[in-house]
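Here's a quick walk through one model, starting with its charged pairs and moving on to helix packing and the surface. Have the viewer open as you read.

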Amino acid sequence: MEISTTQHEQALAGALTTFGWYAMPDVIRSRKVRIAAKSALLAAFTGIVVATADDEPVAQPGADESEVADETAQREIKPWMVVAGLGLLGGSLAATGVLERKIFARGERRRAEGVMGAHTRLALVAGALCAAAALVDE
């Protein structure tokens, strides 16, 4: 298992983005300012991923270049795929919204209990998990 420089860069970007996302309430109290800062954070992360993306198609072991080109050319998007994708996207957004509210509420409860850096502690764990997940090779 060999981890590329691109994977390292993207893992670091993901970890820092995740850390910043979840630690932000400890630093920025205004909800409106946090929304703007999180938007900028996501834009920066997207830029890093695009800038470090590998444009080469992934070949299966033992496949020659013509097989990879044929496989890429044969991919079609069917209407049911679009509907399924939109359904998954909607469900994912709803679940993410619920989870984000619970994580934020937990941090706020811990802050009310007097825990210093209540959101930051969770952010450290979330950032580390994000980096670990990004470095897992297929």
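## Salt bridges

Searching the whole structure turns up three salt bridges, where a salt bridge is a side-chain nitrogen of Lys or Arg within 4 Å of a carboxyl oxygen of Asp or Glu. Keep in mind that this is a predicted model, with local features needing pLDDT of at least 70, side-chain atom pairs counting only at pLDDT 80 or more, and totals for chains, interfaces and linings using all residues. Residues are numbered from 1 along each chain as its sequence is written, and side-chain values use heavy atoms, with hydrogens and water left out.

Which residues are linked in the network of salt bridges? They're D26, R29, E108 and R111. R111 pairs with D26, the closest N and O atoms sitting 3.6 Å apart. Since R111 is in helix α4 and D26 in helix α1, that pair ties together parts 85 residues apart in sequence. (Helices here are DSSP runs of H or I with at least four residues, numbered from the N terminus.)

E108 also has a salt bridge to R29, at 3.4 Å from N to O. That one links distant parts of the chain too: E108 is in helix α4, while R29 is in the loop between α1 and α2 (31–52), 79 residues away. Then there's E108 with R111, at 3.2 Å from N to O; these two are three residues apart in helix α4, so about one helical turn separates them.

## How exposed are the charges?

For accessibility, buried means under 20% relative accessible area, exposed means over 50%, and partly exposed is in between (1.4 Å probe, protein chains only). D26 is partly exposed at 22%, R111 is partly exposed at 27%, and R29 is partly exposed at 47%.

## Helix α4 and what follows

The expected span is 1.5 Å times one less than the number of residues. After α4 comes G114, with a positive phi near 95°.

## Helix α5 and its buried side

α5 has 18 residues and reaches 27 Å from first C-alpha to last, close to the expected 26 Å. Which residues of α5 are buried? A118, H119, A123, A126, G127 and A131 are. They cover an arc of only 165° around the axis, so they sit on the same side of α5; the arc is that of the directions from the helix axis to the C-beta atoms. On the other side, L124 and L129 are exposed.

The buried residues of α5 pack against α1 (5–27) and α4. H119 is a handy one to click on: it's in α5 (residues 118–135) and counts as buried at 4% relative accessibility. Leaving aside neighbours within four places in sequence, H119 is in contact (heavy atoms within 4.5 Å) with Y22, A23, P25, D26, F104, G107, E108 and R111. Among those contacts are D26, E108 and R111, which belong to the salt-bridge network.

## A nonpolar patch

On the surface, I77, W80, M81, V82, L86, L89 and L93 form a nonpolar patch with about 770 Å² of accessible area together. Patch members have over 30% relative accessible area and no salt bridge, and nonpolar side chains (Val, Leu, Ile, Met, Phe, Trp, Tyr) are joined within 5 Å. Areas come from the Shrake-Rupley method with a 1.4 Å probe.

Terms used:
Patch = residues over 30% accessible without salt bridge, like charges linked within 9 Å, V, L, I, M, F, W, Y side chains within 5 Å.
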